[in-house]
Amino acid sequence: MFSERAIRCEARGASVYSAQRMRTGSGEAWTWPECHAFFIEMDMTADRRGIKIRSFFGVGPVLLAGLIMLSACSKADPYVPPDPFYYFASYPVGKNPTTVTTADFNRDQITDLITTNISSNTISLLFGNGDGTFRDQVQVKVCQEPRSLAINDFNHDDQLDVVLACSGSDQVSILFGRGNGKFEDGPQYPVHRTPVSVSSEDVNGDGHPDLAVALRNDKVKIFLGSAGGTFRPGVQYEYGDTPTSVALKDLNQDGKPDLVVTNGGPMLSAVSVWIGNGDGTFRDPKDYKTGRRPLGVSFADFNNDSLPDLLVINGEGDSFTTLLGNGDATFQPGKDSGADASPNFGAAHDFDGDHIADVAIVNLQSTDLSILFGRGDGTFHYPPRNYRTRNGPFAVASYRVSADNMEEPGLVTADNGAGSVSVFLHHGRKGQASAAGRADE
């Protein structure tokens with residue numbers, strides 16, 4: 001019986017990572033509870049066959065399971081994760097930031113930051129100095145409870161504009177960029193109800209950016225853009241269970257953006273993929289199982305096949321899911337990997353220079369930033385490299401000091417509980433922190 005289903009432990013701290021994996025001889029991944037269930041099943045099977053596992057060496061089945069694991073596991077894990085980052089500085093923003101996004105808003109070739117601050121009804125702009133530091137925030141009053149944003153040039157003036165998902169006022173709001181780091185109010189569009197996420201691409205092929213908005217009441221709303229930066233209502237789809245995020249990307253290489261939505265409600269816990277028709281409408285979705293309560297989805301290429309894969313952060317179970325793409329907007333079954341306590345947001349990038357995508361995840365309960373280094377097949381080395389953050393790390397973005405993308409990428413987190421953003425620079429980049437720019441420790 002043991003030879004048929006021998007277990008090999010990967011000795012990577014399962015007591016710490018609740019979604020830690022073990023592997024059978026066939027390569028199938030098991031969680032610790034699944035392995036425990038296997039030993040219980042083994043004990044019951046032995047009883048039916050008249051074999052008393054309880055009498056083996058005078059120990060019980062659970063202790064026997066532990067002995068078996070110890071015999072199969074190496075105490076020493078030879079893998080030591082790289083240490084590419086160091087904490088650099090934190091900067092105050094508005095109250096309870098929920099997102100942080102990088103862009104060059106004043107066209108000086110230096111990366112700037114923008115956050116949505118849900119409890120102060122503002123956005124914060126922090127203009128970069130080019131050395132890893134930022135100027136004091138410029139806080140702009142916007143709609144009620146801005147939950148998320150997307151950036152595009154909506155009115156074709158070569159300046160970056162912003163669209164906000166305003167969950168407190170049931171609307172999406174446009175801000176037109178002036179090119180000097182300032183914005184002017186644009187139109188606002190009502191939605192029903194509670195927009196939580198927004199994404200922007202040209203979904204109908206007319207050359208104007210459009211919007212996809214995830215609504216908490218099981219709906220996704222499309223808005224079609226015009227040359228002047230105004231929008232008209234498009235189709236609205238009612239599907240799924242409590243959408244938590246929306247993203248647009250061409251997944252089948254037909255030149256038409258496709259739609260991806262995470263469903264965080266208990267009835268589904270899946271990511272839904274909608275193939276775009278190129279006219280502002282989408283085909284019926286296909287669901288892919290994720291971990292429990294998926295919170296967000298983003299894109300990467302985890303296995304270097306030049307096809308888009310999915311990264312889904314799961315709000316329960318301390319895990320995230322990677323789904324490898326087939327190139328036709330379909331995906332292989334998801335692979336779950338362990339994160340730290342209460343992961344909330346993730347971003348993929350090659351952080352250690354091995355040309356394999358890695359993952360950065362912020363964890364609310366454990367108050368840290370985890371870097372998991374990719375194996376090139378959608379799985380990851382363990383243990384991760386963890387960095388302590390300020391209270392309530394809620395979102396993370398890859399960050400380069402200059403907009404020319406020449407240096408190694410750092411990271412920036414939105415610290416929801418601390419009302420700040422924190423910069424983690426790559427060891428390949430040395431910044432000059434100013435005491436005036438730091439948030440209080």
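## The β9–β12 sheet

Strands β9, β10, β11 and β12 make up an open sheet of 4 strands in the order β9-β10-β11-β12, with antiparallel pairing. Strands here are DSSP E runs of at least two residues, numbered from the N terminus, and two of them pair if DSSP finds at least two bridges between them. At the edges sit β9 and β12 (183–190), each of which pairs on one side only. From one strand to the next the twist averages 20°, with axes fitted as lines to C-alpha atoms and angles running from 0 to 180 degrees between N-to-C directions.

Keep in mind that this is a predicted model, where local features need pLDDT of at least 70 and side-chain atom pairs count only at pLDDT 80 or more, while totals for chains, interfaces and linings use all residues. Residues are numbered from 1 along each chain as its sequence is written, and side-chain values use heavy atoms, with hydrogens and water left out.

## A closer look at β11

What does β11 pair with? On one side, β10 (residues 161–166) and β11 (residues 171–177) pair in the antiparallel sense over 5 bridges. Within that pairing, A165 stands opposite V172, and I174 is the bridge partner of V163. The hairpin of β10 and β11 has 4 residues between the strands, and D170 takes a positive phi near 50° there.

Is β11 mostly covered or mostly open? It's mostly covered, with 7 of its 7 residues buried, where buried means under 20% relative accessible area, exposed means over 50%, and partly exposed is in between (1.4 Å probe, protein chains only). In a regular strand, side chains alternate between the two faces of the sheet. In β11, Q171, S173, L175 and G177 point one way, V172, I174 and F176 point the other way, and all are buried.

## The β5–β8 sheet

Another open sheet of 4 strands runs in the order β5-β6-β7-β8, and its pairing is antiparallel too. Its edges are β5 and β8 (138–141), and each has a single partner strand, so one side of each is left without a neighbour in the sheet. On average, neighbouring strands in this sheet are turned by 20° against each other, direction ignored. Strands β7 and β8 run antiparallel and are joined by 4 bridges, and T122 stands opposite K141 in β8.

## Loop residues worth a look

S120 is in the loop between β6 (112–117) and β7 (122–126). Its relative accessible area is 16%, so S120 counts as buried. The side chain of S120 makes a polar contact of 2.8 Å with the side chain of T122 and another of 3.5 Å with that of Q139. A polar contact is a pair of N or O atoms within 3.5 Å; within protein, one must be able to donate a hydrogen and the other to accept it, and residues adjacent in sequence count only if both atoms are side-chain atoms.

G130 is in the loop between β7 and β8. At 27% relative accessibility, G130 is partly exposed. Elsewhere, S269 lies in the loop between β18 (258–263) and β19 (270–274). S269 is buried, at 9% relative accessibility, and its side chain reaches the backbone nitrogen of R293 at 3.2 Å.

## The largest pocket

The largest pocket holds about 1400 Å³ of space. A pocket is an open set of points on a 1 Å grid over the protein atoms alone, where a 1.4 Å probe fits and there is protein on both sides within 12 Å along at least five of seven lines; lining residues have an atom within 4 Å of a point. The volume is the space filled by probe spheres set on the points. Of the 48 lining residues, L149, V246, V297, S298 and F345 are the closest to the centre.

Elements giving two or more residues to the lining include β5 (97–103), β9 (146–152), β13 (195–201) and β17 (243–249). Which element gives the most? That's β25, with 7 residues. The lining divides into 23 nonpolar, 20 polar and 5 charged residues; Ala, Val, Leu, Ile, Met, Phe, Trp, Tyr, Cys and Pro count as nonpolar, Asp, Glu, Lys and Arg as charged, and the others, Gly among them, as polar.
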